[in-house]
Amino acid sequence: MYHQPVLKNRRTLLERADKFISDVYFTDSNLRGRLYADSCPLESLTSFLCPKRITFTEASKQNFVPYKVGDTFGPTYVILSDFISIFIPSMLGTNPSLMLVQGGGLAAMVWRDGQPVQGLTKEGEKTSYIVSECLTDEVPHSVTLYVEMACNGLFGAGQGSMIAAPDLNKTFSVQRAELVVFNRDVRKLLTDFEMLVDIVKELGEGEQRSYQALYTVNEMVNLCDPSDPSSFSKVHSLAQNFFSQRNGESQHTVHAMGHCHIDSAWLWPYEETIRKCGRSWVTVIRLMEKNPEFVFTCSQAQQFQWVKSWYPGLFSQIQHYVKKGQFIPVGGTWVEMDGNLPSGESMVRQFLEGQRFFSQEFGIHCKEFWLPDTFGYSAQLPQIMNGCGISNFLTQKLSWNLVNTFPHNTFFWEGLDGSKVLTHFPPGNSYEMKGKIEDVMKTVKQNKDKGRANHSAVLFGFGDGGGGPTQLMLDRLRRVQDTDGLPKVKMSTPARLFSQLQADSALLCTWTGELFLELHNGTYTTQAQIKQGNRQCETLLHDIEIASCLALCQDRTFQYPAEKLQELWRLLLLNQFHDVIPGSCIEMVVEDALRYYEDIRNDGAALLNDACGALGSKGDAAGLFNSLPWERHEVVQIQDGAGKPGLGMSDTYGIRYVVTFQTTTSYLMLCAISATAALVQVPSVGFVYYSFNTGTLTSVAPFVGFREAISDSSHGNQFVMFDDVPLYWDAWDVMDYHLQTRKPVEQVVQPVHVVSSGGLRGSVSFSLRISEKSTITQEIIMDAMCPYIKFSTEVKWAESHKFLKVEFPVRVHSPNGTYEIQFGHLQRPTHRNTSWDWARFEVWGHKWADLSEHNFGVALLNDSKYGYSVHKNTMTLSLLRAPKAPDANADMGMHHFTYAVMPHSGSFQDASVIQCAYNLNFPLRLFQCSPDTVPWSAFSVNNEAVILETIKQAEDRNGALVVRLYESHGSSVNATLCTSFPVKEAWHCDLLEKQHPTQQAHITSEGITLNFSPFQIVSLLLIL
Ligand SMILES: [Zn+2]
């Protein structure tokens, strides 16, 4: 094969080939230097600037002024519309490919004939647009293009480092704009060379194929004369001979799928994401036109919705390629949401909105959940996926674990209730591969299930900021479809990958419980206002849906606000994106997110008001609406007949639209309250004694018998500060070493003094100084009949890289703490035996966490927090962080939040900790009604283990409601759902509200009887 023997000098041969394609060295004589031939400037360049995106029609009517290459534009995020006229001179030859080359940090979209045709980004290796594939005399030599440019790069405009807060005064310039002749044959040969050089490097000195590649590529350099294109075909066929030597049958198969991870907001605002989707996806369509085998997977219904609204022409092209099976919607969710913080119902709605959108627009039902870049995965996700018709799951983020290496790549993931999903982590540990030899080799080498699973995914295409696949990536993968010594590579789809994995799954292992990411644990706390907005809006939408269903039943003329509710849910779901709710986004995104919460609150308040108004006759008496299906005796803030504020004691059972209350002081709550102690009446316990010391709790104990909750010589409600300087990911990470910097907050500004002196409510208040700039003011509230003590907290926060927490050292000894998650709870260790235990030094939970031993425990409840830790007997709630990137002002300012501590006898289940945490989060809602309105109870459940979570109107089905319940204790139980609604039939349905044709629920005179297994979610369609 070779015309003469070569010396056995691997290094010189390899470097020789490397230099032959180098874009740095010897470009005067190497092959790379021949990639572009003649060039000429563009005929004219004109532009205009505008602060935000406008439609193409509007843009084309603007007054464009001339500019030169190198002129600067700005500031950051301004849109530059470029009008370019091109005349292609005949000196460029008759048959070249002509390209517009655009450099610089601008992200751009080329428009031609009124349609978007090509995205351009330097970081995404798309810097040129092919003006003409084949320039014959018949092709017009005069072309007009519009280029819409955003003054930001693919990753925003961070100052100094990528995740630094953006420089909003940055300027940008167009660095090159010219016509050049692109030499396609040179491109083809460069790919051959590059792939062979990489094979030599990747296979290394231990592999015979590595040497065969080395001698092949060396001979190609011998034969190739860059200045003589006639030498190229011989060189190409040498490479082809190598690539076409085939594998045996047992070789691993790599399923290559194009992908373009686009963060719905991160280092750029939502607005820019719309343009990112347009730029990235139009480029995908161009690639599909040229490469009929090319498959592209694409998640997040919200992004499709944006493109549908802003680029309707592109959207119909996408619909065409979806039909052809090349453009594949995946994931089934509205956005790629955070996997920890959204409530169970929010997660269901992510799928409900996502799957319904894909079905309506494309006739597609996603069979796989797709969440490659999210910071941990709730143990309830397998059940939620199964309930939404999904049996497969793809992610890779656990490869980011800082402490432990996750042991599987392909496995069954078993959730809290025992539901299972087939799960694949692409072994290359990336969702943005480039189709290089290194990528396909890593996919086999790093695969921890080699021999068990013979198939793996490679997702290729620039990601995070968009960009997507390139022609070069496709060319690379095409070369090595079946090349001896390398894994087989085939363009594939998620369906094909998972069906191969499923068919051969007998040896796969099972992982039970949550997929906890041992990194980014600061995201449970960063951007407290976003977290609070999420929690409050989740509860508000819950209440609106229930009140509207009650109104619908009471008043048949009432219009259920389905469309408006969908709009508000979609805003909430959007903010659950995996860089928004975690707080890892820039300030512009935070502003957008808080504005969306404000929209939900404002519009939601009106909807709730409408529904309550439709429920009863108007009047000036105070009524209360209870959206929770159990007995509530709570102190509520009301107004008396004269409009004066006062307190009342609510008296309700079940979901009711009028809750009665009394204002008598028959609840002798406080025998005494002073600045140091209080005595409170609590049902089933008797009286509880609280003792304060400068705001901390030194004692919480029932007055008679039983036991003390606070640990000996310790203080509960102890505020503590930590230094919080991570290694890199500022808003994301709190590192284990921060625990060594604990400092109690002890400086008293205002000592404890009595605010409410007794009767239904007693409270004391005090202030502490955190630092010169930050203070805490807290009111400790004790309500009659309330088994927990509330801490209504106001923090003025102006810190830098500090972490504020509150601690409760409790007199409980247990190896595990319990944390509420979506539709249930789970346990995590309180000790640090193994690396898997101590890696969870900061964990997430929802409304409550509990530490219990047999017959006694303490629960910590909250109204808007998600970060917890329980180490030995100290329960800690994480309150505020102060990272400086990517938002330099993250969490600065005033914060209001409430948490509560609840000592209890028995188990937390028997003590109704779960119900108490709901009560804290779902306040009884005050509304005006006529004084003779008759209270009406709509729903209740006869078993405390079962929570009625949701009541809503069924999608697409008039006269039907959906109710969703779950078993919350971790037990197998029977329960009866009692309702005063005129239910004709009740059917079990899935989470997408599809009726199970054979599972009719049994209705008795008592109600609807149901069976539950531990943590099971049950949805019913009630036909009225
Ligand atoms: Zn992401």
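Biologist: Helices (H or I, at least four residues) and strands (E, at least two) are DSSP runs, numbered from the N terminus. Where does Y737 lie in those terms?
Modeller: Y737 is in the loop that links strand 31 (718-723) and strand 32 (743-744). This is a predicted model, in which local features need pLDDT of at least 70 and side-chain atom pairs 80 or more, while totals for chains, interfaces and linings use all residues. Numbering starts from 1 along each chain as its sequence is written, and side-chain values use heavy atoms, without hydrogens or water.
Biologist: Is Y737 buried, exposed or partly exposed?
Modeller: Y737 counts as partly exposed because its relative accessibility is 33%. Buried is under 20% relative accessible area and exposed over 50%, with partly exposed in between (1.4 Å probe, protein chains only).
Biologist: And V78, buried or exposed?
Modeller: V78 has 12% relative accessibility and therefore counts as buried. The residue sits in the loop between strand 4 (72-73) and strand 5 (79-87).
Biologist: On to the metal. Which residues are the protein donors of the zinc ion?
Modeller: H261 and H578 through NE2, D263 and D373 through OD, at 1.9 to 2.1 Å from the zinc ion. A donor is an N, O or S atom within 2.8 Å of the metal (3.2 Å for Na, K and Ca), and with water not among the atoms a site may look incomplete.
Biologist: How are the donor residues spaced in sequence?
Modeller: The pattern is H-x1-D-x109-D-x204-H. D373 is in the loop between strand 16 (368-370) and helix 10 (381-387), and H578 in the one between helix 15 (562-575) and helix 16 (587-615), so this pair ties together parts 205 residues apart in sequence. Both D373 and H578 are buried.
Biologist: Different topic. How many residues of strand 42 are buried?
Modeller: Seven of the seven in strand 42 (residues 856-862). One side has F856, V858, L860 and N862, the other G857, A859 and L861, and both faces are covered.
Biologist: What does strand 42 pair with?
Modeller: Strand 41 (residues 848-853) runs antiparallel to strand 42, joined by six bridges; pairing requires at least two DSSP bridges. S852 has G857 as its bridge partner. Strand 45 (residues 893-905) is also antiparallel to strand 42, with seven bridges, and there F856 is partnered by S905.
Biologist: Which residue takes a positive phi in the hairpin of strand 41 and strand 42?
Modeller: N855, with phi near 75°; the hairpin has two residues between the strands.
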